[in-house]
Amino acid sequence: MNDRARTVPAGLDGARSDLENLYKDLHRHPELGLREHRTARKATDALRDFGYEVTDGIGGTGVLGVLANGEGPVVMARADMDALPVREQTGLPYASAVTVTGDGGVELPVMHACGHDVHVTCLIGCARLMAQAKGAWRGTFVALFQPSEENGDGAHAMIDDDLTSRSPRPDVVLAQHVLPCPAGYVGIRSGAFLSAADSLRITVHGRGAHGSMPQAAVDPVVMAAMIVVRLQTIVSRELAANTPAVVTVGSIHAGTDPNIIPDSAVIQLNVRTYDHASRTTVLQAVERIVKAECEASRSPKAPEIEKIVTFPPTINDEAPTRRVAEAFAAHFGDDMHTIDLQTASEDMSEIPKAFGVPFTYWGIGGTDPTLYAQAARNGTIAQDVPVNHSPHFAPVVQPTLDTGVSALTVAALAWLGVH
Ligand code: ZN
Ligand code: ZN
């Protein structure tokens, strides 16, 4: 980056306290997927203030801000806005006490337990720095605030609502996620970064009868149990030892009484894979095993296999990743790392895919560095460092926000900076 471009991230000093207040405000007011009305309004108001051309309500609550600044590349940076149905237990002075009424009238606690409030704050911060220093860059900067990442449907909702014709076509899409690494840390990698996730609901059918008369029944409990055991062989027996994948049966339900053989059982499972080939192998194996076990058990009716949630794998394109990694190395020095594969999943890649353009995605640390170092010394990182989706997940405000704003800005300038 040349001296002129360097004036853009330097603007952070003047924005820092506003961003910290914004972050605490967002953290205190989390909203579930597709209900991010207040968050979207905050983004809209900020972008209008900075002079962006704003379109809101895309795919429900999505917000698009465009800052055209002469001839040059178009860079889109995306942040997700939604929170989770988790009861916050961080004890922070700005902790959430929000509850909402969910489907079926149940009361749900709401918490920013995945750090999407960090993402929104950092993108607003980056949008501000870009607007403040228009003399130091050329091109178009696009800030995109996406709803409902946790449900895996927010990127699609925006695409289905004509995102690609409402936004200038980007040359590259950028995004980041706060992770349970020490705050200040920035990590990126080429190729596979986040897994694909597929959640399936499987219903197997038997024939109900009195618990004392198995000869009159086809027992779906035994059928489901055999399926659960057999599914364990997919990763251990059908994939190469160096192909990472996870098959987890997270829920299994059948019956109401010890003395009644029920007539069906429902299994819900989650599959994580890192490339298209292993994803196909695992999903086909699940289907094959379920059907074969039903047949082996004399099931009177074919099983139903429904996909309830699916996330694509997040596979970083090589050229933009190299470009951002070089810019990060120059800006962050030793704080920039090559990150390991992560088992979480994201729908972000649907957006560059809809535009037919490459993307890169990286992680920033959010954990208190002292707490992290202590846990590392004790060999208790897994026990002592709260991870995303935990009710104790509490990114420290700084240097997390500074790092996230700088990372987005430095990455955008790798295309837009005046050379
Ligand atoms: Zn999450
Ligand atoms: Zn997340």
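## Pockets and a zinc site

The lining of the largest pocket is made up of 13 nonpolar, eight polar and four charged residues (nonpolar: Ala, Val, Leu, Ile, Met, Phe, Trp, Tyr, Cys and Pro; charged: Asp, Glu, Lys and Arg; polar: the others, Gly among them). Keep in mind that this is a predicted model, where local features need pLDDT of at least 70 and side-chain atom pairs 80 or more, while totals for chains, interfaces and linings use all residues. Residues count from 1 along each chain, chains are lettered from A and ligands numbered from 1 in written order, and side-chain values use heavy atoms, without hydrogens or water.

A pocket here is an open set of points on a 1 Å grid where a 1.4 Å probe fits, with protein on both sides within 12 Å along at least five of seven lines; lining residues have an atom within 4 Å of a point. Volume is the space filled by probe spheres set on the points.

| Pocket | Volume |
|---|---|
| Largest pocket | about 600 Å³ |
| Second largest pocket | about 390 Å³ |

Of the 25 residues lining the largest pocket, Arg272, Thr343, Ala344, Ser345 and His389 are the closest to its centre. The second largest pocket has 15 lining residues, with Leu32, Gly33, Pro85, Leu108 and Asn151 closest to its centre. Its lining splits into six nonpolar, four polar and five charged residues.

His389 turns up again at the zinc ion (ligand 1), which is held by Cys114 (SG), Glu150 (OE), Glu150 (OE) and His389 (NE2) at 2.0 to 2.7 Å (donors are N, O and S atoms within 2.8 Å of the metal, or 3.2 Å for Na, K and Ca; water isn't among the atoms, so sites may look incomplete). Cys114 also coordinates the zinc ion (ligand 2), and the two ions sit 3.0 Å apart.

Is Glu150 buried or exposed? Its relative accessibility is 16%, so Glu150 counts as buried, whereas His389, at 39%, is partly exposed (buried is under 20%, exposed over 50%, partly exposed in between, with a 1.4 Å probe and protein chains only).
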